[in-house]
Amino acid sequence: MNPSKAIPALILLPLAFPVTATDGQTENATLEPIVVTATLGPLTAGESLSSVTVIDEEAIRQQNPSDFSELLRGQPGINVTGNGSFGKTTSVYTRGTANDSTLFLVDGVRLRSATSGGPSWQYFPAELVERVEIVRGAKSSLYGSDAVGGVIQAFTLDPEETPAGWVELGAGNFDTQKGSAGVAASAGNTRFSLSGLHKETDGTAVITDGEDRGFRNTAGVGRIVHELDSGGEASLVVVQSEGNTEYEGGNIDYMLRTIGFGLETPVSDHWRQSLQFSESRDETDNVTPTFSSTFDTRSRAARWDNTFTWNVHELVVGTELMNDEVGGTTDYAETSRSNFALYTQLRLNFGPTDLMLSLRGDDNEAYGKNETGSIALGHAFDRSHRVRLSYGTAFRAPTFNDLYFPGANPDLEAEESATVEVGFSGHYQYWFWDTAVFQLDVDNLIAWQPAPTPSDPFNWSPMNVNEARIRGLELSAGFERDGWRGDAALTLLDPENRETGNRLQRRSDKTLRLDLSKQVGNWDFGGTVVAEGYRYDDASNDDRLSGFATLDLRAGWRFAKDWTTRLTVANVLDKEYSTARYSSSQDLDYIAAGRTAMLTVRYDIR
């Protein structure tokens with residue numbers, strides 16, 4: 001990542017941002033990063049008045065994750081569950097909300113399945129990611145539907161200003177191989193990059209006493225950025241990931257693709273405008289011995305932001321038009337729907353005090369109108385300590401499966417929620433800490449449950465039935481000094497179904513993550529511990545899945561100029577654990593892979 005670039009971020013296209021120092025701080029100190037996901041524009045994490053976690057390029061490269069969810073597991077407010085390892089169905093629960101209540105952006109482009117509602121986390125390539133921002137809390141007033149628990153944005157590799165490239169090869173157990181390469185260059189005011197990846201594995205068993213289930217993935221990122229003479233820029237980025245994954249009883253051919261074009265230009269000294277046109281696709285072909293099915297979803301969006309500044313204050317006014325389309329073998333009652341939105345964000349600064357207000361109205365032809373808003377107040381007691389308070393509302397739209405799948409419920413209303421949060425933070429020369437206490441209340445929770453009919457006594461249908469209250473405490477801290485780098489995160493969660501008093505299924509009530517690394521000359525060493533408490537696989541809290549802890553270790557060696565080798569061993573103690581159940585009646589769990597090792601060699605072209 002090139003820290004000298006500070007590209008305007010109102011179009012939310014992939015960017016690399018600097019880490020800035022205050023007086024008396026050294027360049028290698030741990031400081032507040034600039035983030036773009038928490039607001040409609042670049043601000044430091046503290047100025048955004050949100051709970052934010054940033055996973056930077058150095059951490060990603062050192063961890064060398066086998067899938068994207070490894071970066072998220074155990075982070076503040078995050079629970080991850082999976083139906084096995086290596087490309088198997090993965091769910092991410094942010095602050096105890098459902099998987100489809102976390103908005104996933106790739107370089108500013110919304111990526112999800114319009115039929116199921118949730119992102120296909122398991123197919124997104126971690127190897128081509130340069131940076132991840134995790135923003136927790138209600139963000140529908142900025143992004144519309146789905147941002148109930150928060151927003152996760154992945155930034156893919158960005159072009160360098162000088163010619164560069166790299167080649168990496170790797171191999172591991174379970175007959176795993178991967179290779180990746182990339183090149184970046186610039187010519188005048190234009191820079192571009194192209195990177196690609198291919199990996200495949202025989203995999204491991206996904207259920208107790210099952211057979212090995214493989215995974216194959218080919219992915220690429222292409223980007224071109226042109227700086228305009230007016231001071232703005234035009235950008236085009238394309239990300240695609242495709243392959244095949246095997247599961248118990250069948251296999252899936254999949255394809256994910258995002259395309260984003262952005263144009264940012266100044267109108268005057270106090271007015272800048274940006275346009276973004278994007279498309280995302282989520283396509284799957286599911287084949288089993290008895291049936292096959294195809295689900296293809298496409299989402300298109302056009303977004304126009306206008307940013308007005310005066311002194312240290314800022315006003316953003318924008319509009320967005322989105323259209324979802326579905327196709328495939330299922331005969332949906334409706335195959336498309338559109339959503340029109342108007343939104344605004346006002347940011348005021350009064351010395352040590354910041355005030356932020358946002359408001360958005362969505363009008364969807366399928367489920368009607370939803371208005372959301374938020375207010376946040378922050379106050380800096382001194383150069384290091386800050387308090388923040390916020391209140392925000394959010395909603396989750398019914399999916400095509402909820403509304404139009406055969407036997408679905410076309411009269412569903414959108415889920416609605418409200419979140420209140422209080423946070424404190426301290427940032428110093430070499431270390432930081434942050435804590436947040438929150439409560440999230442959800443009404444009209446959409447749940448599929450039995451709805452027998454005379455013709456089908458076993459019919460299930462979605463209904464607005466449940467209410468949930470989620471309370472939580474998030475603690476995080478980190479430091480960086482003398483070659484040492486450490487991060488710690490602890491989440492205590494109480495996700496309760498208010499109608500039954502039970503814990504929401506598949507959510508752990510406590511998670512802990514510890515990351516520690518050390519640079520010694522041409523060597524670097526590191527490790528990660530993730531511990532999670534028990535969870536229930538069912539809504540009635542009868543099927544309990546035990547808690548667990550895993551240890552990952554890694555080491556890297558720059559053995560020659562521009563050459564690096566890295567060894568990562570995940571789940572060093574070969575712990576067998578499960579975060580989801582395959583069949584309660586057969587007492588079978590989805591099991592994670594045991595000890596997993598990967599050795600890579602990389603050559604950087606400079």
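The legends below describe close-up views of a predicted model.

In this predicted model, local features need pLDDT of at least 70 and side-chain atom pairs count only at pLDDT 80 or more, whereas totals for chains, interfaces and linings use all residues. Residues are numbered from 1 along each chain as its sequence is written, and side-chain values use heavy atoms, with hydrogens and water left out.

**View 1. A patch of negative charge on the surface gathers D175, E200, D202, E211, D212 and E246.** Patches are made of residues with over 30% relative accessible area and no salt bridge, like charges being joined within 9 Å and nonpolar side chains (Val, Leu, Ile, Met, Phe, Trp, Tyr) within 5 Å. Lys and Arg count as positive and Asp and Glu as negative, while His and the chain ends are not counted; the place of a charge is taken as NZ of Lys, CZ of Arg, CG of Asp or CD of Glu. E211 is exposed, with a relative accessible area of 55%; buried means under 20% relative accessible area, exposed over 50%, and partly exposed in between (1.4 Å probe, protein chains only).

**View 2. F192, I224, L236, V238, F261, L275, F277 and W304 make a nonpolar surface patch of about 650 Å².** The elements that give two or more residues to this nonpolar patch are β14 (233–247) and β16 (271–287). F192 lies in strand β12 and is partly exposed, with a relative accessible area of 38%. Accessible areas come from the Shrake-Rupley method with a 1.4 Å probe, and for residues only the protein chains shown count as cover.

**View 3. Strand β15 (residues 250–268) runs antiparallel to β14, the two being joined by 15 bridges.** Two strands pair if DSSP finds at least two bridges between them. G243 stands opposite Y254 in β15, and β14 and β15 form a hairpin with two residues between them, with G249 in the turn having a positive phi of about 105°. β15 also pairs with β16 in the antiparallel sense, over 17 bridges, with I259 opposite E279 in β16; here too a hairpin is formed, with two residues between the strands.

**View 4. R272 and E264 form a salt bridge whose closest N and O atoms are 2.5 Å apart.** A salt bridge is a side-chain nitrogen of Lys or Arg within 4 Å of a carboxyl oxygen of Asp or Glu, and by this rule the count comes to 46 salt bridges. R272 counts as partly exposed at 27% relative accessibility, whereas E264 counts as buried at 1%.

**View 5. E421 and R388 form a salt bridge, the closest N and O atoms being 3.8 Å apart.** E421 lies in strand β23 (residues 415–427) and R388 in strand β22 (residues 385–396), so the pair ties together parts that are 33 residues apart in sequence. Both E421 and R388 are buried. Salt bridges that share partners join R95, R136, R388, E421, D434 and E474 into one network.

**View 6. An open sheet of five strands has the order β3-β8-β9-β6-β7, with mixed pairing.** The edge strands, each pairing on one side only, are β3 (51–55) and β7 (109–110). Strand β6 (residues 102–106) pairs with β7 in the antiparallel sense over two bridges, and the bridge partner of L105 in β7 is R110.

Technical notes. Helix = DSSP H or I, 4+ residues; strand = E, 2+ residues; numbered from the N terminus.
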